[in-house]
Amino acid sequence: MSAITAGAVIAAGEGSRLKELGVAKPMIEVGGVPLIAHVLGNFEAAGIASAAVIFNETERDCEAFVRERFGRLVSRIVVKTTRSSLESFREILQAAPPGRLLVSTVDAYCPPAEFARFVRRAGQLPSDATVLAVTSYVRDEKPLWVTTTRAGKVTAVGGASGDAVTAGIYVFPERLRELGIPPSLGRLRDFLAWLAKSGEPIEALDIPKVVDVDRAEDLAVAEEMATQNAVRDEA
């Protein structure tokens with residue numbers, strides 16, 4: 001067990017399904033807050049001390065926003081157009097601060113209290129294990145299913161069904177940075193499936209509802225969540 005103080009955000013995707021909004025995906029607002037600010041705000045609330053972010057080359061305005069708004073938290077920004085989520089992951093592993101690493105995709109919309117709870121619980125698990133945030137809330141067209149034991153240990157990642165789906169939030173052990181990623185793997189989900197097949201220790205922690213903001217209907221659900229959270233905070 002060890003504290004988790006290093007973080008990284010993968011925000012290099014194209015966000016093609018939301019292009020009609022006219023802004024880069026990391027700057028799409030939910031509850032008046034850009035997605036990238038929501039994720040980094042969650043990092044701050046969870047006690048992350050230093051983080052890295054990767055944007056693609058069309059998102060220079062996102063880089064400027066983060067440097068101004070989160071300059072103390074974000075120690076490194078990588079600007080590179082990658083071919084896949086796994087390539088973005090490789091880049092962010094090299095750029096991220098040392099230690100156990102909290103990784104979130106920019107479009108994983110998670111209530112701050114649940115996010116902090118996940119990080120706190122993950123910190124109590126063995127430091128050599130990969131930890132996946134999973135959720136029973138499934139709206140993704142191609143969900144990444146996870147099969148677990150009753151104790152929460154992951155036995156399989158991928159397939160047509162499972163006990164829950166990945167939520168786009170992970171904790172990776174320090175030693176994973178030295179683990180060779182097979183060049184045949186194309187996406188981050190392929191890497192996670194490979195980890196499980198390789199016998200790597202993987203734990204799953206449930207978050208009741210995380211929205212993958214990928215489509216207009218997802219954005220509507222996230223807006224509803226943001227409103228509910230605001231009302232709850234005011235109560």
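Predicted model: local features only at pLDDT ≥ 70, side-chain atom pairs only at ≥ 80, totals over all residues.

Q: Fine. At what angle do H1 and H4 pack, and how far apart are their axes?
A: The angle is about 50°, and the axes are 9 Å apart. H1 covers residues 35-45 and H4 covers residues 112-123.

Q: So what do we call H1 and H4, relative to each other?
A: Oblique. Angles under 35 degrees would count as roughly parallel and 65 to 115 as roughly perpendicular, so this pair is oblique.

Q: Left-handed or right-handed crossing?
A: H1 passes H4 in a right-handed crossing.

Q: Which residues make the contact?
A: From H1, His 38, Asn 42, Phe 43 and Ala 45. From H4, Pro 112, Phe 115 and Ala 116.

Q: How does that contact split by class?
A: Five residues are nonpolar and two are polar. None is charged.

Q: Switching to aromatics. How many aromatic pairs are there?
A: Five. Take Phe 89 and Phe 172: their ring centres are 4.9 Å apart.

Q: Why is that pair classed as tilted?
A: Because the planes of Phe 89 and Phe 172 sit at 55°, and tilted runs between the under 30 degrees of stacked and the over 60 of edge-to-face.

Q: Where in the chain are the two?
A: In distant parts, 83 residues apart. Phe 89 is in helix H3 (residues 85-95), and Phe 172 is in strand S11 (residues 164-172).

Q: Buried or exposed?
A: Phe 89 and Phe 172 are both buried.

Q: Which residues form the aromatic cluster?
A: Phe 89, Tyr 170, Phe 172, Phe 191 and Trp 194 form one cluster.

Methods
Residues numbered from 1 in each chain as written. Heavy atoms only, no water. Phe/Tyr/Trp six-rings, centres within 6.5 Å; stacked < 30°, edge-to-face > 60°. Helix = DSSP H or I, 4+ residues; strand = E, 2+ residues; numbered from the N terminus. Buried < 20%, exposed > 50% of the residue type's maximum accessible area, 1.4 Å probe, protein only. Axes fitted to C-alpha atoms, helices over the stretch in contact; angles between N-to-C directions. Parallel < 35°, antiparallel > 145°, perpendicular 65-115°, else oblique. Left-handed = near helix turned anticlockwise from the far one by under 90°. Contact = heavy atoms within 4.5 Å. Nonpolar A, V, L, I, M, F, W, Y, C, P; charged D, E, K, R; others polar.
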